[in-house]
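Here are my notes on the model you sent over, as numbered points. I start at the ligand and then move on to a few individual residues.

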Amino acid sequence: MSDFVSTTRHGNVAVVSIDNPPVNALSFHVREPLMQALVYLRDEPSVGAIVIACAGRTFVAGADITEFGKPARQPDLGALVAMLETIAKPTVAAIHGTALGGGLELALGCHFRVADRTARLGLPEVKLGLLPGGGGTVRLPRLVGPLKALSMIVSGTPIGAAEALAAGLVDAVFDGDLTAQAVSFANETAAKGGPFTPVRDRNDRLDQADLPAFDKEAAVLAGKARSLEAPIACAQSVRNALTLPCDEALAAERDLFVKLVAGDQSRAQRHLFFAEREAAKIAGKDVARRKIARVGVIGAGTMGGGIAMAFANGGVPVTLLEATHEALQRGLATINKNYAVSVIRGSLSEDAKRQRLGLFKGSTDYADLADCDLIVEAVFEEMAVKKDVFGRLDAVAKPGTILATNTSYLDVNEIAASTSRPQDLLGMHFFSPANVMKLLEIVRAEKTSPDVLATIVDLARRIGKVPVVVGVCHGFVGNRMLAARGAELETLLLEGAMPRQVDQVFTDFGWPMGPFEMSDLAGLDIGWRNRKARGQTAVIADALCEQGHFGQKTGSGFYRYEGGSRTPLPDPDVEALIRNKAAGRGVAPRAIGAEEIIERTLYPMINEGAKILKEKIAARASDIDVVWVNGYGFPVGKGGPMFWASLEGVDKIIQRLDHWHQQTGKDVFRVAPRLRQMAETGSWDGAAG
Ligand code: 3H9
């Protein structure tokens, strides 16, 4: 008995209960008493069967991630599961909430698993840059077959109880009092008599004939892994289960785990795990939240429609407002079509589609927004238009309604000042497509009240978004750093790099696509319009736009696209244009290496991040990482720009920025004081650490 593990008797059945809030992680202070309790019960003759259950909201959700990187303390998870398998009496895991990672591995050490109907089971270690290290890759294929195990372990996505039952992962699914039903199950099983075969000895689903199909699927998954090591290690380890004796496969899994856990990629992904949770913590978290039962969205274009879908996907009823009946019908038709595509792809059931569509109410009348608790505008990005919209909202919104602007750049303080209720207004900067992208920059204006902020952070999590609170400045965190990243791109072209070379450096780094391909996808006309509004120019991009080359949508931009395809092809005309513009400026082309491209794009971006921290536009460096990974495709295996800066070496970054500043005199290379401070203290907060 301990504070974390206790045993109760129900006749012949002993129930061992783990109670380690909030998620019953298998910390050392749980493993040690759990081991002791199991050894005692194994040897206690009056005990006929053992149930492992958990208190609180969930079964064990994994190993304790905070212990990784510290010296291992025995018993480790492997020893615990191995010991479980020495028990001759039936052992049953009673799973409610989530059985994840080490939690599912513990359950796989039992002879049987029973689950509550709402339970979810999975091995998500890959998302932490790891593979399951407690025998999961070796035992799961023995229950569900190698192909299913491969898909579960490489994706890291948990499955529901019904699917787990069908796959053979659980033996029974129950409604109601799970522990009581697990005890009955254990009693009945014990009465039937053994011997009971541990999972490690069940080999009937391990058929060597599956190897070719397995290897084919593993190759497909490896292709999607880009530069990440963990998915490859996961696939290798499941393959070992198929080809090696159990103990050898377990030892190989352990070796792979030890290697990954010490590597930079897993450190980066573990950093992101905690960073995302940290980002949702805001000062004044104890304030009462406002109730959000219905949301209004103004504008049914790409952005507004996506935002409306994001709310409906989270189960929140939406009133969608457009200026004209035609625009409204067009918007609703697009939403309908998007859901229909999801049904065809198999990611949404027909029933769920109907339910979601049922949450929409369309209108062209502002008065219909009167019952909304939150109203988000997604209209044209122009201050006068925004002010007009909020003026009308002021007249119809009920007192206490939260007003949000989806602006990407405009001054949220100025928008707030144009209403009679600035305390109720903030920015909700969704990323396109808003129904898919996880990031939500929540822009806190000067007068935004703490309860408004807390309500929107909670709502964001409710609809599955990753919220990050940011302050008011041009472009907030993400777009402001994007501008710094892109400041030298045109110059690089003029000096001799071609779009495909720059993009290749980015994809080699781990980005899903490079900046030129991204501009083509977003539409070059958007940047062109913004530049014109700000009196700015861009030599190459402006020339392309003047010729009507707006990117993918016109079949040409920095690349050409054949027959409506999305595959970018190098365009000799664009390359000639670049050379001509360079010659016109007297710039002789030279060979530009990958290092230089990184130094002149990613280093300025880190520098801008340092300024953002100093100005308190972001509360923490890790918030910036969350923005970039979830909104802009910064490679997860590098942990976000600010984490990556430490891997790259802040001293080196400063030295090269100084070099480029001397060479060019450009402001974008002027080293920010906070960056120098980081080099001195080793911490973005300014304190030594
Ligand atoms: C593993 O198992 C390796 C093994 O194969 C091998 C070992 C040898 N450890 O997410 P929430 C904290 S790797 C430590 O906001 P929710 C979390 O930081 C692990 N702490 O709740 C937060 O703390 P705070 C494989 C953990 O209800 C608090 O709990 N397992 C852990 O939205 C609440 O978390 C996973 O990867 C942990 N394992 O979601 C599962 N998990 O309040 C990771 C959570 O101070 N966990 N915390 O910010 C999850 O996916 C979600 O937490 C879960 C609940 C779905 C369970």
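1. How far is a nitrogen atom of the ligand from a polar backbone atom of Ile65? The distance is 3.0 Å. Keep in mind that this is a predicted model, so read that number, like the others below, as computed from it.

2. Side chains also reach the ligand's oxygens. An N or O atom in the side chain of Glu105 sits 2.7 Å from one oxygen atom of the ligand. For Lys281, a polar side-chain atom is 2.8 Å from an oxygen atom of the ligand. As for cover, the ligand on its own has 1000 Å² of accessible area, and the protein covers 75% of that.

3. Now the shell as a whole. The ligand has 28 residues around it, and Arg57, Glu105, Glu125, Arg277 and Lys281 are the closest. By type, the shell splits into 14 nonpolar, 8 charged and 6 polar residues.

4. Which elements give two or more residues to that shell? They are strand S5 (98–100), helix H3 (102–108), helix H10 (246–261) and helix H11 (264–279). The largest share comes from H11, with 3 residues.

5. While we're on H11, have a look at Ser266, which belongs to that helix. Is Ser266 buried or exposed? It counts as buried because its relative accessible area is 1%, and the cut-off for buried is under 20%. Setting aside neighbours within four places in sequence, Ser266 is in contact with Leu128, Gly129, Leu130, Leu260 and Val261.

6. On to the cysteines. A disulfide is a covalent bond between the sulfur atoms of two cysteines, and a search of the whole structure turns up 0 of them. Cys54 is buried, at 11% relative accessible area. Cys473 also counts as buried, with 14% relative accessibility.

7. Last, a loop residue. Ala619 lies in the loop between helix H25 (594–614) and helix H26 (621–632). Its relative accessible area is 63%, so Ala619 is exposed, given that exposed means over 50%. Ala619 and Gly176 are 443 residues apart along the chain, and 44 Å separates their C-alpha atoms.

How values were computed
Residues numbered from 1 in each chain as written. Predicted model: local features only at pLDDT ≥ 70, side-chain atom pairs only at ≥ 80, totals over all residues. Heavy atoms only, no water. Near = heavy atom within 4 Å. Polar contact = N/O pair within 3.5 Å; in protein donor to acceptor, adjacent residues only side chain to side chain. Areas by Shrake-Rupley, 256 points an atom, 1.4 Å probe, with all protein chains shown as cover. Helix = DSSP H or I, 4+ residues; strand = E, 2+ residues; numbered from the N terminus. Nonpolar A, V, L, I, M, F, W, Y, C, P; charged D, E, K, R; others polar. Buried < 20%, exposed > 50% of the residue type's maximum accessible area, 1.4 Å probe, protein only. Contact = heavy atoms within 4.5 Å. Disulfide = S-S within 2.5 Å.
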